[in-house]
Each structure stands twice: as C-alpha cells, then as structure tokens.
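Welcome, and take a moment to turn the model around before reading on. The notes below are meant as a friendly first tour.

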Amino acid sequence: MKETSSSVAAIRSLVVDSVENANHGHMGMPLGAAPMGYELFRNQMKHNPKNPKWFNRDRFVLTSGHGSILLYILLHLSGYDVTMEDLKAFRKHDSRTPGHPEVFHTPGVEATTGPLGQGFSMTVGLAIAEAHLRARFNKQDYPVVDHYTYTICGDGDLEEGVALESAAIAGNLGLGKLIVLYDSNDVTSDGPLTLSSRENIQEKFQAMGWQTLYVKDGNDLQEIAQAIEQAKQEKTQPTLIEVKNIIGFGSHLQGTEKIHSNPVGKTEAAYIKETIGWSHDEFFVPEEVVEDFSEVLRKGEVDEENWQLLIERYAKEYPALYEEFKKMIDEKCILSETALTPFTEETMATRTASGKMLNRIYEELPILVGGSADLASSNKTTINGQPFMENGNYKGPNIHFGVREFAMASIENGLTLHGGLKGYCGTFLVFSDYMRSAIRHAALMGVPVTFVMTHDSIQVGQDGPTHQPIEHLISLRAMPNLVVYRPADANETIIGWKLAMESKNQPYLLALGRHEVPVLKEVDKEGAQRGGYILSEDSPIPDILLIATGSEVSMAVEAKKELSKQFKVNVVSLPSWELFDQQNEEYKEKVLPSECPNRLSIELGSTIGWSKYVGNFGESLGIDSYGKSSPASELLEEFQFTVNHIVKAAKSMYEKNK
Ligand SMILES: Cc1ncc(C[n+]2csc(CCOP(=O)(O)OP(=O)(O)O)c2C)c(N)n1
C-alpha cells in the first residue's frame with residue numbers, strides 16, 4: 001500500500017516517531033485522520049502561521065484531543081512556532097507539546113481539548129462568535145469578520161451529550177460557517193463502536209438541521225477536498241462531513257481498539273512506515289514536504305496583509321464602527337463610574353442587581369453575548385432592548401440555549417476564546433453540576449466567562465431539595481482558578497460584575513439570591529474587591545466575629561444589633577474566599593484578628609471548609625443535609641437559620657470559649 005501524498009506520509013511517520021519517542025500517547029486516531037488534517041491545514045484553512053492571533057483566521061479545534069500529536073505535527077509543518085524539538089518533547093515534562101492540546105500554551109492551539117465532546121461545543125461557540133461579529137461589523141464589500149470554524153471529532157465525541165446539545169443549538173441557529181469533520185473510524189477505546197452505538201449519525205444531524213456529507217475513503221484527498229468545498233457553499237446550515245477512516249492506518253492492528261493508544265514498539269513502527277511507503281530516518285521531513293507546506297506560510301501572509309488593507313479602508317469608510325470594532329478586539333473592559341453607581345433602593349435581590357448590572361455594562365461595553373438555559377427571567381440574564389440571536393440573524397447578543405446547561409457553558413467558553421466578545425450564562429446554582437465540567441474547563445484554560453448562578457440557597461423554598469444547593473459553593477470553591485463571588489447585596493453585586501469584566505484569565509461565578517435583601521449602607525467597595533472586609537465594626541479586636549456571605553450578611557448585621565448590647569461584635573462580609581485569600585497577611589489579620597477566637601461563620605450551605613476562617617474555637621452555621629419543600633421562612637426556622645438563632649449560637653460559642 002503506497003501513500004498518495006508524501007506530505008500525508010510524512011505526517012503519519014512523525015506520528016509514529018513522536019508516540020514511540022514519548023513511549024506514550026495515541027497514534028490510532030492521528031494515523032487514520034492524517035489526510036483530512038493535511039487537507040485542512042494545507043489547502044482549506046485561511047491562517048497565517050506567523051501570526052496565530054490574526055483576528056480573522058479560520059478557527060480549528062481538535063475535539064479529539066487525545067490525537068494531539070496530529071495537531072502538533074500539522075502546526076509544525078505549517079510553519080507555526082512548534083519545532084521538531086517540540087515534537088521530540090511530546091508529552092515530556094514542561095514541553096510545549098503536552099498530552100492534550102492546551103490553549104495559550106502552544107502557538108496555534110485554539111482551545112484546550114481532551115474531555116470528549118467539549119471541543120465540539122467550544123467550536124460551536126467560536127462559530128457563534130464569528131456569526132455575531134460578522135452581523136455587527138461587516139458592510140457591503142467590507143467582510144472584516146469572515147472566517148470558517150472547523151473541528152475534527154470522533155465517534156466518542158458524538159456519544160457525549162454535550163456535543164449533541166451543542167449540535168442542536170448550532171442547527172437551530174443555522175451556523176453556515178461551521179464545518180465538522182467526523183473521524184468515523186467505528187472504534188472507541190473499549191472496542192468497536194457497535195458495543196455502545198448503532199445509530200445513524202448523519203440522520204441524527206440532519207434531524208437537528210445540519211447538512212451532512214459523506215467521504216467514503218478518508219485517504220482520498222480529492223474526495224475530502226470536494227466535501228469541504230461543498231460544505232463551504234452551504235450558507236444556512238452547519239455541515240457534518242462523515243469521513244470514513246481506519247484507526248491506526250498502516251498497522252497490523254489497524255481497525256481495532258488495540259491501536260487506539262500506546263506505542264507499538266520498534267518492529268510494528270517499522271511495519272507501519274513500510275506500509276505507508278516511508279523510508280526516511282526518524283523525525284525527518286524531506287524537502288518536497290517542506291516545499292509543499294511552504295505554500296501555507298506564503299498564502300497566510302498574503303491573506304493577512306489583504307485583511308489589514310481591508311481594515312484600513314474600513315477605518316476610513318466607517319470610522320465609528322471601526323473604533324467600536326477595535327475596542328472589542330482590545331477587550332479593555334473598564335467600567336465608568338456611571339456603570340458602577342451604587343444602588344439606592346431599600347431592598348433588592350442580588351439576582352435583580354445582577355440583571356441591572358448586565359444591562360448597565362452592555363450599554364458601555366457591548367461585548368457581552370450570552371443567556372440562560374431556559375430560565376432567563378429567573379436568572380435575569382437578558383440584555384434588554386436587544387434582540388435574541390436567531391437563525392440567519394446573529395446581531396442579537398442574547399442567546400436562547402434551551403435546557404442545555406453543559407452546552408451553554410461550553411459554548412460560552414468557545415465564544416470567549418474567539419476574542420472580541422465576553423461570554424456569560426446563567427441557570428440555578430443547583431444546576432451548576434450540569435455544567436461543572438465546562439466551568440472547570442474555563443478555569444483550567446483561564447477563560448474569563450461569567451457564570452450567573454441564581455437561587456443560591458435553600459431559600460428557594462417550595463421547589464424543594466432538588467432545587468436547593470447545599471454543597472455547591474464549597475465544591476466550586478475547590479476548583480482552582482475559579483473565582484466564586486457571593487455578594488451580600490446589590491452593591492456588592494456591582495463589584496462582582498466589575499471584577500468579572502476586568503478579569504483576563506479567570507472565570508467568575510456569581511452566586512446570587514432570588515429573594516429581596518436590604519441594600520446595605522455599609523458596603524465598602526474596596527473591601528468587596530478584596531473579597532472580604534469588615535462591614536460593621538465595634539472594635540479592632542471584637543469579642544465576637546460574625547463572618548457571612550450573600551444574603552446571610554444582612555442576617556448577621558441584624559444579629560449584631562442584638563449582640564452589641566452585650567458584646568463588641570464585628571461583621572465580616574466575605575463574598576469571595578479566593579480573592580480574600582490573595583490579600584496580604586496584614587490585611588487578613590485586620591479583618592480576621594487572630595486574637596478573636598469567637599468566630600461564627602454563617603452561610604446557607606455546606607459548612608465544609610469554613611474551619612480555615614473560624615479556626616479551632618469558632619463555629620459554623622450551615623446546612624449539611626438536603627433541604628426540603630417548604631415556604632422559605634419555615635425552612636429557615638427548621639434549619640435554625642434565623643437572627644434569633646444566630647444570636648443564640650454566637651452567645652453559646654462565646655460562653656464555651658470563656
Ligand atoms: C469525557 C471523556 N471521557 C473519557 C475519555 C477517555 N477517552 C479518551 S479517547 C476515548 C475514546 C474515544 O473514541 P473515539 O472518539 O472514537 O476516538 P478514537 O478511538 O477514534 O481515537 C476515551 C474514552 C475522555 N478523554 N473524555
């Protein structure tokens with residue numbers, strides 16, 4: 001069996017060399033999918049390897065992240081700053097070619113992938129971003145935003161719910177510039193695909209509003225090229241191209257799960273090279289392949305130059321639009337004092353304050369695009385006076401995600417990765433579990449999406465324990481690089497949004513209440529930005545410290561009124577553990593003086609973790625069981641979460657420690 005293209009053979013040979021050299025990794029998928037990867041990078045994509053950040057480049061995400069070596073090789077051969085040494089360091093300590101692709105780590109990698117399915121969803125997010133920016137900025141003869149979004153995904157990805165949720169959204173929106181190459185090799189990790197799936201993927205996608213195409217021989221570059229060209233012609237539907245590939249092409253083990261991962265050893269490696277007609281040394285790229293790929297660089301530079309010229313003309317023709325476009329690309333999200341004006345109402349639910357902030361922000365920085373998983377009016381996630389995005393009209397910044405929390409979050413990750421936009425999305429805090437992996441992915445990548453999680457405690461009331469978050473706050477606080485912000489009132493909510501908007505590399509999760517809480521006169525803007533501060537102070541070293549978050553802060557303030565008759569009491573508002581923990585020791589000591597052992601934490605959620613603030617002698621009021629369906633006031637009574645009980649608990653703690 002001879003290779004039809006020496007460039008494809010070079011890719012396959014490098015796959016074998018890299019995985020053997022790493023003594024680890026997946027060569028099955030890359031060996032099978034090499035031709036379509038080649039066709040995309042060499043002939044189809046508009047990209048400039050010398051500037052991987054060029055705004056109008058086509059986006060490519062390798063959803064099958066385990067096939068990372070294929071992406072690294074394509075980047076290397078195309079001329080990105082991924083060297084042969086990097087390929088030799090595949091999967092090694094601190095290399096630029098880690099086990100799975102990592103965004104902001106390897107030039108040309110658009111998204112971190114590995115958790116199957118999420119790459120697909122982020123690709124949908126990237127395509128939505130393109131469609132939205134295109135609708136807002138393009139003018140006749142000025143296609144300033146105009147690119148395709150591609151992904152390669154596998155059988156496993158299309159078994160994942162998140163990919164299918166996202167596919168439904170993409171189909172409903174008719175994202176014509178989204179092209180998915182489906183590496184249909186009928187094998188997953190455990191064996192033949194038929195062990196777990198027998199459905200007709202094409203019909204499934206057609207039912208969701210996609211165009212589907214079929215490439216019967218994944219080694220036929222012409223057939224692949226024709227399918228991609230045809231996909232590009234379709235403007236009103238996303239396209240899924242099912243490409244029939246053979247996993248581990250060229251190996252004795254081809255077509256089986258045995259070649260899905262792991263090196264194959266010297267003898268088998270030699271056999272694969274023989275099958276693909278490759279007789280060069282390891283890690284060798286012959287001149288004809290270098291020559292072949294040099295066209296990518298040449299074309300990429302010309303494409304970008306032409307775009308720059310287009311932008312210059314656009315700036316002259318549409319100066320106001322150009323200024324707005326530039327501002328969005330720069331992503332400078334500094335809010336004016338007007339947007340940060342404190343609320344003066346007596347009471348306001350923090351979810352309401354959040355909705356108002358979202359709208360204030362959009363007026364100044366129309367960079368936000370997002371929505372809710374079918375709870376927009378509860379989550380207050382709609383940008384008023386602006387349309388919802390719809391099939392064929394992508395101008396609206398509001399998105400109906402349907403009841404698809406995981407896809408929603410993952411799509412917002414992709415949308416934010418695109419650049420020029422900042423994603424946000426909302427649902428009830430209890431359903432953050434549905435989107436947890438995408439929140440983690442945002443935190444892992446360092447993508448500043450804002451997660452608007454309302455109905456943040458058992459105060460949800462009659463909807464019952466299915467809707468009442470308990471362990472959610474602490475489990476989210478356990479996630480590195482995520483900032484959980486649970487504001488006490490409307491004015492701390494302003495700060496939460498401000499910080500979320502300014503964030504460059506951390507997602508924010510705002511935990512917000514459904515019910516009215518007092519707008520506290522004592523809120524200290526600077527303290528709220530530090531994640532914790534003394535909201536009400538009797539003494540630098542009080543007898544009792546009440547430490548609370550969210551709606552419980554105003555309960556603590558009420559309790560203090562009673563306790564202050566007898567004790568010196570400080571109330572600390574601690575909206576964000578993560579931000580507070582970053583403060584210097586002096587500040588932390590001032591807020592939580594170690595000389596005061598009588599510390600009571602008050603939070604309507606799991607008490608786990610609070611010991612780090614209350615110390616050995618302090619106590620925690622919380623809920624470590626599930627709630628129940630009941631009016632909120634009766635629930636609070638049952639769980640002893642009333643001002644009276646806080647007073648009692650504080651006094652008994654004080655007595656115990658005397
Ligand atoms: C969410 C998730 N579950 C499990 C895995 C582990 N895993 C990596 S690849 C793979 C099989 C994927 O099958 P397929 O998409 O057909 O890839 P191929 O076998 O063609 O390489 C599995 C289960 C993962 N990476 N992500």
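The tour goes from domains to sheets, and then to the pocket and the cavities.

## Ground rules

This is a predicted model, in which local features need pLDDT of at least 70 and side-chain atom pairs count only at pLDDT 80 or more, while totals for chains, interfaces and linings use all residues. Residues are numbered from 1 along each chain as its sequence is written, and side-chain values use heavy atoms, with hydrogens and water left out.

## Domains

Let us begin with the overall layout. The chain is split into domain 1 (6–300), domain 2 (347–518) and domain 3 (528–657), with bounds that come from an automatic or database domain assignment. Between the C-alpha centres of domain 1 and domain 2 there are 31 Å. Contact here means heavy atoms within 4.5 Å, and 35 residues of domain 1 touch 34 residues of domain 2 in this way.

## Two sheets

Helices (H or I, at least four residues) and strands (E, at least two) are DSSP runs, numbered from the N terminus. Two strands pair if DSSP finds at least two bridges between them. Axes are lines fitted to C-alpha atoms, for helices over the stretch in contact, and angles run from 0 to 180 degrees between N-to-C directions.

S13 and strand S14 (residues 508–511) run parallel and are joined by three bridges. In S14, Tyr508 is the residue opposite Val483.

Another open sheet has five strands in the order S16-S18-S17-S19-S20, and its pairing is mixed. Its edges are strand S16 (533–536) and strand S20 (619–621), each pairing on one side only. Neighbouring strands of this sheet are turned by 30° against each other on average, direction ignored. Strand S19 (residues 599–602) runs parallel to S20, and three bridges join them. Leu600 has Glu619 of S20 opposite. Helix H24 (residues 643–657) packs on this sheet, where H24 touches strand S17 (544–548), S19 and S20; the direction of H24 makes about 150° with that of S19.

## Pocket and cavities

On a 1 Å grid over the protein atoms alone, a cavity is a set of points where a 1.4 Å probe fits but cannot get out, and a pocket is an open set with protein on both sides within 12 Å along at least five of seven lines; lining residues have an atom within 4 Å of a point. Grid points are joined across faces, edges and corners, and a volume is the space filled by probe spheres set on the points.

The largest pocket has about 760 Å³ of volume. Its lining has 38 residues, of which Lys53, Phe104, Leu417, His418 and Gly419 are the closest to the centre. Both domain 1 (6–300) and domain 2 (347–518) give at least three residues to this lining. Which helix gives the most to the lining of the largest pocket? That is H11, with five residues. Helix H10 (287–317), helix H11 (319–330) and helix H14 (405–418) each supply at least two.

There are three cavities of 30 Å³ or more. In the second largest cavity, helix H2 (28–44) and H10 each give two or more lining residues, and the largest share, five residues, comes from H10.

The table sorts linings by class: Ala, Val, Leu, Ile, Met, Phe, Trp, Tyr, Cys and Pro count as nonpolar, Asp, Glu, Lys and Arg as charged, and the others, Gly among them, as polar.

| Space | Volume | Lining by class |
|---|---|---|
| Largest pocket | about 760 Å³ | 17 nonpolar, 11 polar, 10 charged residues |
| Largest cavity | about 70 Å³ | six nonpolar, one polar, three charged residues |
| Second largest cavity | about 50 Å³ | three nonpolar, two polar, five charged residues |
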